[in-house]
Amino acid sequence: MKLYVQFFLCLLFGFSAAQERRWNQFEDQVPEKTGVQEPADILQEKQSFHEPLSWRFPTPPPEDEPRFPPEFELKVPTAADSVSAVCGESSVRVEAKKDLLGIGKPVLTSDVTLGGCLATGEDAEAQVLIFESELHGCGSQLLMTEDSFIYAFTLHYTPTPLGDAQIVRTGDVSVSIQCHYQRKNDVSSDAFKPTWNPFSDSKASEENLYFSLRLMTDDWQFSRPSSHFLLGDMMKFEVSVKQFHHAPLRVMIDSCVATIVPNIDTVPRYSFLGNSGCLFDSQLTGSSSQFLPRSQDDRLQFELEAFRFQQDDSGMIYITCSVRATAASAAVDATNKACYFSNGWREADGRHDVCTCCDKDCGAGGRSQPPGTGTLWQQETAVGPIKVEDRPLR
């Protein structure tokens with residue numbers, strides 16, 4: 001028994017010693033501690049703005065100074081030499097060119113009379129109206145002086161109104177013709193020449209678009225310094241849109257109205273352009289008014305033959321147009337067009353087929369909107385006053 005106890009104790013102490021050696025061996029294999037980088041003593045604070053944030057709409061670009069031609073002079077009106085008379089012993093023969101006013105447009109034969117008498121003949125090749133009358137006929141008046149008799153005639157031109165429009169492009173003209181006869185029966189003639197007696201801004205829209213309507217010189221290079229015209233002149237207008245931080249745009253003209261005061265809601269008024277871009281003037285009055293072929297998307301040019309209102313002796317007119325910008329990439333269609341009438345409807349961009357609705361209703365439902373906006377960029381812009389005077393005759 002004693003031997004057994006001694007054997008057990010030996011085993012117990014041997015196991016403990018072995019265990020201690022194993023723990024010591026493990027401790028020898030523990031890796032050395034590496035230094036841990038301490039965080040730098042950096043003072044952090046919350047970012048803040050000492051002044052309030054603010055944003056303002058970009059300031060509009062400065063308006064361009066109008067570029068005027070270096071030397072501009074109004075054309076001096078030249079009197080038309082279009083009436084002549086030959087006085088016979090007992091009659092008078094008067095010849096009047098059909099281009100009575102010298103503006104390249106023949107007058108209606110029925111609009112010209114000699115003292116109420118219509119033309120007795122016409123030279124179609126020379127484009128001349130012929131009036132023949134006895135000295136006592138066609139409303140003549142006999143005047144007498146100490147040494148002569150004077151038979152006075154008056155050639156009248158009264159233009160027929162242009163369709164349903166309230167405008168005229170020629171004025172009433174009276175030419176005094178006198179035949180002088182000496183009391184000794186010597187015959188002479190003296191044709192009096194006609195005397196000309198006339199009947200007497202850019203704005204910014206929303207979304208940073210700037211529209212302008214201005215008169216241009218004949219070569220389209222400059223703004224026209226003068227707004228004075230004669231009947232028969234072509235008034236040249238340019239509509240443009242200035243783009244400011246936008247994709248390319250195309251400018252359109254939806255309608256234009258002429259008035260004698262700067263208010264489109266007054267009468268008389270003449271709507272010469274409408275139906276979403278149809279220039280009616282040439283169709284209504286037979287004028288040469290037209291759009292020019294478009295050379296730039298942001299500019300549109302048109303010519304309008306000068307006119308004045310009937311029964312208005314001021315000769316002043318104001319032109320007000322509703323202009324609009326659309327994306328340059330938008331298709332030319334029935335509501336985005338620039339049409340004029342010249343032996344049929346023509347379109348400034350060459351898409352003549354879209355003008356077929358000008359004789360009907362082109363509507364407004366298909367108008368293209370500029371990119372990035374839910375509203376149409378549209379503005380009324382005007383130019384005036386424009387002074388239109390009669391063209392003198394000799």
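Colleague: Is Cys358 buried or exposed?
Modeller: Buried in this predicted model: its relative accessibility is 4%, and the cut-off for buried is under 20%.

Colleague: Which residue is Cys358 bonded to?
Modeller: Cys278, through a disulfide with the sulfur atoms 2.0 Å apart.

Colleague: OK, next one along: what does Cys357 form a disulfide with?
Modeller: Cys362, and their sulfur atoms are 2.0 Å apart. Cys357 and Cys362 make a right-handed link, with 100 degrees about the S-S bond. Both Cys357 and Cys362 are buried.

Colleague: Switching topic, where in the chain is the Cys87 and Cys179 disulfide?
Modeller: Cys87 and Cys179 have their sulfur atoms 1.8 Å apart. Cys87 is in strand β1 (residues 83-87) and Cys179 in strand β9 (residues 173-182), which puts them 92 residues apart.

Colleague: Why is the Cys87 and Cys179 disulfide called left-handed?
Modeller: Because the torsion about its S-S bond is about -75 degrees. As for accessibility, Cys87 is buried at 9% and Cys179 is buried at 0%.

Colleague: How many disulfides are there, and in what pattern?
Modeller: Six disulfides. Counting bonded cysteines along the chain, the pattern is 1-4, 2-3, 5-7, 6-11, 8-9, 10-12.

Terms used: Residues numbered from 1 in each chain as written. Predicted model: local features only at pLDDT ≥ 70, side-chain atom pairs only at ≥ 80, totals over all residues. Heavy atoms only, no water. Disulfide = S-S within 2.5 Å. Helix = DSSP H or I, 4+ residues; strand = E, 2+ residues; numbered from the N terminus. Buried < 20%, exposed > 50% of the residue type's maximum accessible area, 1.4 Å probe, protein only.
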